[in-house]
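The sequence and the structure are shown first.

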Amino acid sequence: MEKRKAVLTLYFINYLHWDQNLSTAVYHAFSSLCYFTPVLGALIADSWLGKFKTIVYLSVVYVLGHIVKSVGAIPSVGDSTIHIVLSMVGLILIAFGTGGIKPCVAAFGGDQFDEEHTNERRKFFSIFYMSINGGSVLSTLITPILRGDVQCFGGDCYALAFGVPAILMVIALVVFISGSGMYKKSPPEGNVLLDVCKCMGLAIKNRWKSSKYDPKKKHWLDWAEEKYPRRLIHEIKMVLRVLVLYIPLPMFWALFDQQGSRWTLQATRMNMAFGSTFVLKPDQMQMLNALLILVFVPIFDMVVYPLIGLCRINLTPLKKMAVGMVFAALAFGSATLVEVNVTKTVVEPAPQGQCLLQVYNLAVSDVKLNIPGSNLFSQPIKSYEDPPAYQHIQLGGHNKTINMAVTQNEIPYQCVQTFTEQKAYTLVLHSNGSGIVCQLATDNIHKSEKMEAYLRFINTRSEAVNITVGAVDFYVPADYGISPHNSVERKEYTTDKCTSGSQDFPITLGLLDFGASYTVILKGDPGQIILHKMEDVKANNVHIAWQIPQYVLITAGEVMFSITGLEFSYSQAPANMKSVLQAGWLLTVAFGNVIVLIVAEGAGLDQWMEFLLFAGLLVAVCIIFSIMAYFYTYVDPDELDKLFPDKTVNDDDEDNLKKNQKYHMDQTDDSMYLNQIVKSTNM
């Protein structure tokens, strides 16, 4: 589901009409909730319902969430407030539903194998891992097609993009339930996370109530010895040493999870065309991460790490994680460079007290424009010249009326217009037979979030014109009438229809490209139409292929950081504490998304500066993590059996013996099993 979330960012912007910062914040708030709820789901499964019932019940909640969200994506269902409420309720249900699925599915699969079937269990998790990545690739490929290529309710079909996963989930749930009689269903046995929390709570309580006359303890957790076995307390100490290393980790996830938000938004301002026929969608680009994972995992395991070993470099797990952080920081450095070039095609809105102005000279000869108190437009403006750029006009307030002088053939003409701050304008100059006339038009300088082109027409002819461009109709009044801006699909237009009076004229507009804004001027006598195309906002000229390096780097970072981090964590903790580490790992992802939420809503930086900030923060965190790793001493959890053999632990204390036996579990090597559990949380 993780990779499919990229469609949410576009849904928020294009359907709910939120701005980019709010869309990013809500996206990461939802992502964060999706990583908090699995901790709750694991508690429910282990302490109350068991894994099977938890999967079934919360899968129903998950499906209901998709249905509610799909209904909210139907334009005819209520107003914008209803759409927002339904969308948020749907997302909350999905987050709680996924909380029952993520931690239980892989664990339930592992429960089906007896301990002597280790090889079969490993094969199962390999298939499970491939299924996760395969599903991720398919969802990233198909969901954008359902959204964009299928039109419903007069626009992108978000209702279908959300509804189809609900239908597929219902089918999967029916298949899963139909095999109920063949499953091995382990009863709830209690959740060790609750025991850990209770033990720590008791230790803190006893330490707080202790007096100076009480015997001193070597460790604050030792204050829980009155109720909990020493083995459990020692295991918690080992886990806490690992959890301390988790403190810097959320910053990595703050960068990693922006693939579905900021990187997707960056893609909407890029050229997505491959050749003349295939056009990638911005929310399909994340498919590259899933594909690269399938390629990189075996390459790193069988080629990269062995080669490093041959060079006699001791690449410990913590060093691998630090290198993974560096790769993620480099990925955002690459994203910064791409963003700097992407923004060159963007027209930045004017700040307060200013407006933007460009000039069209539709007269037959050059003109000069003089704005009092300004040296702008000092050079003659040629006839039908495409303006090079917008100029900033100082207003000194909310609006201002300016008396400008227009000169043609040494004859001055007055042009009085009123401008409003933070707006963009085109000043159209044309001749009416007795002199120069000026006309002010408000411009649309924002790029289409749907990767379409904006188009308008100026009709210099004496007859009104009706034009159909693709599926969009334009009416252009006569005598320099100006049509509104309308968005049109990005493509080559060669046989469009133009009607003037009783005559039909075929027109060729050529390529209307991604993100551009065009003004087409209609000229000619009553018996003909001549087109002159102006480009007000430049097309997206940075190709989407320039995002490939940042995806390669972030995926390499994921392989070295995420997979290695899990293997390290589980190698440093007792088997019965691995669920505690899983909960801690999920929370690092959740808090990473909270960091993005805070920065997106509070920083107010240009996008390239925000990317650079995240890269710099991760480098700083990497340095801190490296220092912490330097002082970390690796341990062997198997030594616990030597320290606390069941037969020698408090032989005189039968109750304590029973408590130790309760927490003494088989130390079977199931690192692959737990890898798949947490890997499933990242999809």
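In what follows, a residue is called buried under 20% relative accessible area, exposed over 50%, and partly exposed in between, with a 1.4 Å probe and protein chains only. By this scale C498 counts as buried, at 0% relative accessibility. The model is predicted, so local features need pLDDT of at least 70 and side-chain atom pairs count only at pLDDT 80 or more, whereas totals for chains, interfaces and linings use all residues. Residues are numbered from 1 along each chain as its sequence is written, and side-chain values use heavy atoms, with hydrogens and water left out.

**Disulfides**

A disulfide is a covalent bond between the sulfur atoms of two cysteines. Here the term is applied to a pair of cysteine sulfur atoms within 2.5 Å, and the count by this rule is 2 disulfides. With the bonded cysteines numbered in sequence order, the pairing reads 1-2, 3-4.

| Disulfide | S to S distance | S-S torsion |
|---|---|---|
| C152 and C157 | 2.0 Å | about 105° |
| C415 and C438 | 2.1 Å | about 110° |

The torsion of C152 and C157 makes that disulfide right-handed, and the bond of C415 and C438 is likewise right-handed. C415 belongs to strand 9 (residues 411-420) and C438 to strand 11 (residues 436-442), so the bond ties together parts that are 23 residues apart in sequence. Strands (E, at least two residues) are DSSP runs, numbered from the N terminus.

Which cysteine sulfur is nearest to that of C197, a residue in no disulfide? The sulfur of C199 is the nearest, 10 Å away. C197 is partly exposed, with a relative accessible area of 47%.

**The sheet containing strand 9**

Two strands are taken to pair if DSSP finds at least two bridges between them. An open sheet is formed by 3 strands in the order 6-8-9, with antiparallel pairing. Strand 6 (368-370) and strand 9 stand at the edges with a single partner strand each, so one side of each is left without a neighbour in the sheet. Neighbouring strands of this sheet are turned by 30° against each other on average, direction ignored; the axes are lines fitted to C-alpha atoms, and angles run from 0 to 180 degrees between N-to-C directions.

Strand 8 (residues 399-408) and strand 9 pair in the antiparallel sense over 10 bridges. T401 stands opposite T418 in strand 9.

Notes: Helix = DSSP H or I, 4+ residues; strand = E, 2+ residues; numbered from the N terminus.
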